[in-house]
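Hi,

Here is the structure I promised to pass on. Have a look at it first, and my notes come after.

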Amino acid sequence: MRRLLVAAIAVWLSVPLGAQWGGTLRLCLRSEPKTLHPLEAAEESSETIRFLTSAALIRLNRASQQPEPDLAVSWKITDAGRRIRFQLREGVRFSDGTPFTAEDVAYTFDLLSAASLRSPVADSFRSPLGVLKTTVHSALAITIDFPAPVAGLDRRFDGLSILSRRSPLKEKAVLGPFLIAQHQPGVYFHLDRNPHYWKTAPAGRRLPYLDAVRLEIQTNRDTELLRLRRGEIHLINKIEPEHFLRLKGDMPKAPYNAGPSLEPEMLWFNMVPTAPLPAHKKAWFTSRPFRNAVSGAIRRDDLVRIAFQLLATPAAGPVSPANRFWFNKDLSPRRHDPAGSLRLLAKVGFRKQGPRLVSPSGQPVEFTLITNSGNKTRARMAALIQQDLAEIGIRVHLAPLDFPSLIERITRTFDYDACLLGQTNLDLDPNSQMNVWLSSSPNHQWNPSQPAPATAWEAEIDRLMRAQAASADPAERKRHVDRVQKIVFDEEPFVYLLYKNSLAASSGALAGVQPAVMFPQVFWNIDRIHFAKGAAGN
Amino acid sequence: MSRARMAAWIVLALILGPALAAGWIAPAPYHRQFREAIAAPPSADHPLGTDELGRDRLSRLLHATRVSLLLAPAAALLSTLLAAFAGASAAWLGRFPAGAHQVSSDLLLCLPWMFLLLTVRAALPLDVEPLASLVITFLLLGALGWAGPSRVVRAAAASLRNSDFLLLARAQGVAGWRLLSRHLMPALRPVLAAQFWTSIPLFILAEANLGILGLGVVEPLPSWGGLLKELENYSAIAENPFVLAPAALLLACVWAMHVLLARKERAA
Amino acid sequence: MAARLLEMRITAGYGKGQPVLEDITLAVESGEILALVGQSGSGKSSLAMALLRLIGYRGGWVRGSIVFEGTDLMGLPERRMRELRGSRIGLVLQSPVSSLNPCLRLRDQLREAWLAHRSADGSPWRQETGRAMELACLPSEETFLRRYPSEISVGQAQRVLIAMAILHRPSLLIADEPTSALDVITQAEILKLFADLNRKLSTAVLFISHDLLSVSTLAHRVAILERGSLVECGPVRQVFDSPAHPFTRRLIGCLPQPPSREPEAVPANDLRALVNSVGQGEPVTPPVHAGESQ
């Protein structure tokens, strides 16, 4: 109940009195959606359509990062995370007028459990230990039982759109703020407001404020930016630092900087034992002091300032400071300390010989840093790192590669020394990073698919990640995940460099825009976005 | 010597001289990042300003000129010679070589270039020196860029085949290789020269684009192509018009070489 | 009796169509100037090309026999043929501008012509070039030789072509319309030059022209070609005085100022009566020229 109150206050605060109703919001989709079925959505365009048209039992408030009641007015997790019971909202109707009941929730889980369905949302509710079970208690009460405890269970419902069992329109009957009115493949989507959307404005009128949303399919980012400048579109979900700065020059109010995003940039050394590298290089790369020394010699502040024009934040570890609950607040980015790096290296037998650093076995220290070509900021970061490491006598060769060749090297041939790349995190929950941290995973980039953990600390990370996944107690999970962050910070299998800032843009015509770091960054509160007084929305 | 030729010599000397002496006269090493002067406007320390990584533009320009001005014409020469040989012999030696030329140049023109260049990149070691990578790139461009020009050459050679002066040369008893090299080639020179001139800027830009594949110039070595790529960012030009310096130099060089190498037959 | 330099009986043409030269029988005596006169399209130039066996490069063919200095050229391998071209038989083409390679200096063109048959070194080349230039009434100093074809006059260009043609002292010089691209005064000069060369070097000249009047002052004998057939051949005076063929008569009739008396007009029925004889080559008569000959 307290949650409900908080949410109600948040709703009330975010909507100024006397907001303008009506108008068509325009934005661009970056590709034709691969599917319009909400349970199959797997890529950004499909998820955009899903988000705009459907509703879930629980929504994650992108601003507070807390779960909020949506179609469910309340829920309760019991049996150590194996069972959840929902009390559903009364009087909600699908867009065609069909009433919403617990039967619809059960039906949605039936569809989700179909073995043929492969999608992120389906996978997030699957378990190798068995199938889930739904029990309908009444028209507005339902219980779901899972075969094993599920960590962060309530948050997983954010992406699950509820479908109607009885509507003749099938999945086209929606519960979200908008419904698809027109669609010309490859060109545009025209969404009209859903007349039965359950949320209301403070005065009692049904949301959303907007009459329609028009999504034009536009693959070129430069064109997208140009259209925003011309006033042809109103929002851009994610923009590049370069575009951000350009926009800032001539439309100072348009760009939003929501602070660090969930997407880190990092470099790592190849620690694959079978890699076709000389023995002395393998010895360097698997040496913790070597990795720490490299990390300490990099000026993260300069990376942020020069490569990203300050539109990034130095990184300490695998969890972004934007991830309020999970971020380990004891960690701060490694300080630039070349003298300390040299001391570390000297302890394990490296020494300076003239300007060059020489390894214990007598080889001058040099390595090749590969990265994907065509990414300007990454190329700049690589050049900055090159000069930073030259200061402690390490010679870095830069080798930009086209993406397929890069992937080939880091996943199959392992013929590389070090790699500079970014990571994509869509989710706040550390469970979503499981595939990176488990030593047996093919995405355990520095040494993938290990039959048994190669080092004690990797074994410890495996244990901690499994333990947090098996627990339903947030405090216990947090302890495990903090520990993982600390181990990664000490061992630096990934040398975290920075988090790109979450950058978005909106034309001056809109009010109520509250950009966040999670998808969909700029229109997550679409039902409350409206045109500013006097702004035309056509 | 005409006034234009004199001017061309002076322009070339002014560009090449400092470029060759880049190691001595450049105000800073081309890779040195002045972290406190990022994208700085021209100043006493940095006469042309600095780039986005704080590297002295003048120094980079000098080094880039040295690299590109030696390599691009060399590659253009290579491809023009190959084009001359292939095109002329196809026009000259009858049906079979003509057919072979048609097929091979078709093949070369529609070859999946990306794939070929990727293979080359994969075959090179990762830590190939920037300069070696650049030389290999230009060599590739030169060795593979002949197909288009050779068609132009073949068409020109075929039309010359029936010219009076070649007929007269034959009537004088000139034949074979000598007829090709001493009578046909000079007459093809304007065509070849045109191919040569167009190849130089083309190769300079192609080299820059090959960066996508990890070929061509690798940081921190500068090349004209690499510097010209910065022009894609038009806002930078507005902030510091000296970003245009490499483009201006390229134009000046092509003009000067054009004036110097053009023969007097152009007056005809 | 002068020695017979060239005797031919050829049929030549292009592609698969009608031959442009049909069974032409023609002989050139040593040291004589034989004018071959015909209208445009009568096959004059093809005859020159056929004679040098170069007609193939223009897409044509030739059959028959060409006996030059006792050798049948038709039976010679290409290599031997090449040796003959330029050294034993010289050629001067109609357009001096297009016949000179625009990209070569005069000196280089002469040198190329020289190198086709002689080795490069030293004094013979300088001497012979100088001599040829002198004979062609051209300056032989370096400043002139360094010029490109575009830097000299058309008359000079024609003289350069002539100098190149006589460089190796051929016994036969084929001149294909050498004056038609020139103005009247230059024409006269070039005609005189051919006469001089013929006299000084005893080179036989096959002078191909459409201009009966101008050749009449130069040639010893004249042959008339009409639509690929030789219709008349004889000493100049004889042809002018008593033309046997109606076409010859018409040609002479068209001359603004005939050199001797007015030819009689050809009666229309005569013309018809004589049509049948067209295509039969006239028998070759011995030269009756007055010039010095062996």
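Below is what turned up, going from the chain contacts down to single residues.

First, some ground rules. This is a predicted model, so to speak: local features need pLDDT of at least 70, side-chain atom pairs count only at pLDDT 80 or more, and totals for chains, interfaces and linings use all residues. Residues are numbered from 1 along each chain as its sequence is written, chains are lettered from A and ligands numbered from 1 in the order in which they are written, and side-chain values use heavy atoms, with hydrogens and water left out.

**How the chains meet**

Two pairs of chains are in contact, and chains B and C share the most contacts (contact means heavy atoms within 4.5 Å). Chain A and chain C have no contact at all; their closest C-alpha atoms lie 47 Å apart.

The B–C contact takes 30 residues from chain C and 21 residues from chain B. About 2,400 Å² is buried between the two, and carbon and sulfur atoms give 57% of that. Buried area here is the accessible area (1.4 Å probe) that two parts lose on being put together, summed over both. On the chain C side, Tyr57(C), Cys103(C) and Glu112(C) lose the most area to chain B, together 25% of what that side buries.

What about charges: how many salt bridges are there between chain C and chain B? The count is two, a salt bridge being a side-chain nitrogen of Lys or Arg within 4 Å of a carboxyl oxygen of Asp or Glu. In one of them Glu112(C) pairs with Arg182(B), and the closest N and O atoms are 2.9 Å apart. There are also 10 residue pairs in polar contact between chain C and chain B, both residues at pLDDT 80 or more. A polar contact is a pair of N or O atoms within 3.5 Å; within protein, one must be able to donate a hydrogen and the other to accept it, and residues adjacent in sequence count only if both atoms are side-chain atoms.

Strand 6 (89-92), helix 3 (96-99), helix 4 (106-115) and helix 7 (154-165) of chain C each bring at least two residues to the side that touches chain B. Helix 4 of chain C gives the most, with four residues. Helices (H or I, at least four residues) and strands (E, at least two) are DSSP runs, numbered from the N terminus.

**A nonpolar patch on chain B**

Leu78(B), Leu82(B), Leu131(B), Val135(B) and Leu139(B) make up a nonpolar surface patch with about 390 Å² of accessible area together. Helix 3 (57-92) and helix 6 (130-144) of chain B each give two or more residues to the patch, and helix 6 of chain B gives the most, with three. Patches are made of residues with over 30% relative accessible area and no salt bridge, with like charges joined within 9 Å and nonpolar side chains (Val, Leu, Ile, Met, Phe, Trp, Tyr) within 5 Å. The areas come from the Shrake-Rupley method with a 1.4 Å probe; for residues, only the protein chains shown count as cover.

Leu139(B) is in helix 6 of chain B and counts as exposed because its relative accessibility is 55%. The cut-offs are under 20% relative accessible area for buried, over 50% for exposed, and partly exposed in between (1.4 Å probe, protein chains only).

Chain A has a cis peptide bond between Leu207(A) and Pro208(A), with omega about -5°. Pro208(A) sits in the loop between strand 9 (188-193) and strand 10 (212-217) of chain A. The bond from Phe519(A) to Pro520(A) is cis too, with omega near -10°.

In chain C, Arg169(C) is not a glycine but has a positive phi of about 50°. Arg169(C) lies in the loop between helix 7 and strand 7 (172-176) of chain C, and is partly exposed at 29% relative accessibility. Arg227(C) also has a positive phi, near 45°, and counts as exposed at 74%.

**Two buried residues**

Ser87(C) is buried at 14% relative accessibility. The side chain of Ser87(C) reaches the backbone oxygen of Glu83(C) at 2.5 Å. Leaving out residues up to four places away in sequence, Ser87(C) touches His117(C), His168(C), Arg169(C) and Pro170(C).

Val294(A), in helix 8 (residues 288-297) of chain A, is buried with a relative accessible area of 1%.

Cheers
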